[in-house]
Amino acid sequence: MWLKPHPRNAGGPRARRPPARRGETAGSVAVRDGRIAAVAPHDAPPPAARTVELADDEVLLPGLVDTHVHVNDPGRAEWEGFPTATRAAAAGGITTLLDMPLNSLPPTVDPESLAVKRESARGRVHVDVGFWGGAIPGNREHLGPLHDAGVFGFKSFLLHSGVDEFPPLDAAGLEAALAELTTRDALLIVHAENSAAIDAAPSPHGEHYRDFLASRPRGAEDVAIAQVLDLARRTGGRVHVLHLSSSDALPMIAAAKADGVRVTVETCPHYLCFTAEEIPDGATQFKCCPPIREAANRERLWQGLADGTIDCVVSDHSPCTPELKRLDTGDFGVAWGGVSSLQLGLAAVWTQARLRGHGLADVVRWMAGRTAEIAGLHRKGAVEPGADADLCAFAPDDAFVVDAAGLHHRNPVTAYQGRALAGRVRRTWLRGEPVDVAGPPRGTLLSRGEA
């Protein structure tokens, strides 16, 4: 197959986008046996029997790699499930996702539960799917076997996870887990909020967002991140800070990186798009932990992305049933925390990125290249020879208003409802073949080291 973007599309349609930025170029892509065989000039003779022409307002991007998705299947598939999650992913330009080890039943904390998870997903995924393992109290002896079974790393919490079957690690447990993982150079990914700081904050209650925000202070993140950085510094282990929302932590993260501490950091579209000041009372679809913070904090997160302190952007798609969001009462104290955004992340980030002078190459680096690199997915997240031909046709100037009823994830609840976004994914290819979300699933289950 010969994929041929329009020659103007290095910079987009003339008179509507600026000239080409670094990392954007006019060219064509040859696909053979599911891999990218060559990237050639746009006017090169096609070395394939089939040519696919992109529209003049479309650009060709690598398929995104979302390493933070809660599929909740099996056990809580009424919240989400492999078919619906992966349809939403494909519709949003995501061709690879990694499923979190909690909210499914059983949680992925030993080889047996991983086998249950894989069996639940087998033959039901429209994109490629891999799995994180979990590090919880009492499962240290399972970490090595889980690693050998192909999980991409291990998630831990430093406070209650929201579900009793996935308890948090205390300081000694976190150190013991990282010591075990460091013997295999495995990655520990951490929900970094300090339980003592949360316990000392006001209890979340009622419909006022400001009260919920006060219950999850920035200091709770900052203290926990300092703990994780100190541990990584002392052990030499690999750590990854999940869903950073507190910009106050950026200076110590930058200093740790400068000192050679092996730390990477992600943030999420909702922290880059929304602000606490604009969230209405009772709008529990915006509740997530850690929370969406103030406008000034958001701008500092964008600066952290720009200077490389923050490595990547992932969805943290954490859906539930509408009933659990307590939309009827608007009570932030009892509503489930999580933002459903799997299908919308690319458009949401691009809408905000372009306002701040960033190009598509930046967005692709944050949402495809760097996520793939951190997870060790060496054939994903790039348009280059030898990579899997996971691609999407993206129309960066095609604006739309979000209607949750038209999204593919299971429950029609999202913080983006009614939001105007720029950029629409029109087609997605998985290993060179179009993804038909209405057709039979063709995704593959991935193990660490295989992609």
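Guide: Buried means under 20% relative accessible area, exposed over 50%, and partly exposed in between, with a 1.4 Å probe and protein chains only. Helices (H or I, at least four residues) and strands (E, at least two) are DSSP runs, numbered from the N terminus. This is a predicted model, in which local features need pLDDT of at least 70, side-chain atom pairs count only at pLDDT 80 or more, and totals for chains, interfaces and linings use all residues. Residues are numbered from 1 along each chain as its sequence is written, and side-chain values use heavy atoms, with hydrogens and water left out.

Visitor: Which residues of helix 4 are buried?

Guide: They are Leu174, Ala177, Leu178 and Leu181. Helix 4 covers residues 171–182.

Visitor: How do you know that the buried residues of helix 4 line one face?

Guide: The arc is taken from the directions from the helix axis to the C-beta atoms. Down the axis of helix 4, the buried residues fall within 95°, so they line one face. They pack against helix 3 (140–148), strand 10 (154–157), strand 11 (187–191), helix 7 (218–235) and strand 12 (238–241).

Visitor: What makes a polar contact, and which backbone oxygen lies 2.7 Å from the side chain of Thr414?

Guide: A polar contact is a pair of N or O atoms within 3.5 Å; within protein, one must be able to donate a hydrogen and the other to accept it, and residues adjacent in sequence count only if both atoms are side-chain atoms. The backbone oxygen of Ser340 lies 2.7 Å from a polar atom of the Thr414 side chain.

Visitor: Why is the aromatic pair of Phe212 and Phe332 called stacked?

Guide: Rings of Phe, Tyr and Trp (its six-membered ring) pair if their centres lie within 6.5 Å; planes under 30 degrees apart count as stacked, over 60 as edge-to-face and the rest as tilted. Phe212 and Phe332 are 5.8 Å centre to centre with 15° between the planes, hence stacked. Phe212 is buried at 2% relative accessibility, and Phe332 is buried at 0%.

Visitor: What is the pair of Phe274 and Tyr416 called?

Guide: That pair is tilted, at 4.7 Å centre to centre and 50° between the planes. Phe274 is buried at 1% relative accessibility, as is Tyr416 at 0%.

Visitor: What makes a nonpolar core, and how many residues has the largest?

Guide: A nonpolar core is a set of buried Ala, Val, Leu, Ile, Met, Phe, Trp, Tyr and Cys residues joined through side-chain atoms within 4.5 Å. The largest has 98 residues, and Phe154, Leu244 and Trp366 have the most contacts inside it. A second, separate core of 27 residues includes Val109, Leu242, Trp336 and Ala375.

Key
The expected span of a helix is 1.5 Å times one less than its number of residues. Contact means heavy atoms within 4.5 Å.
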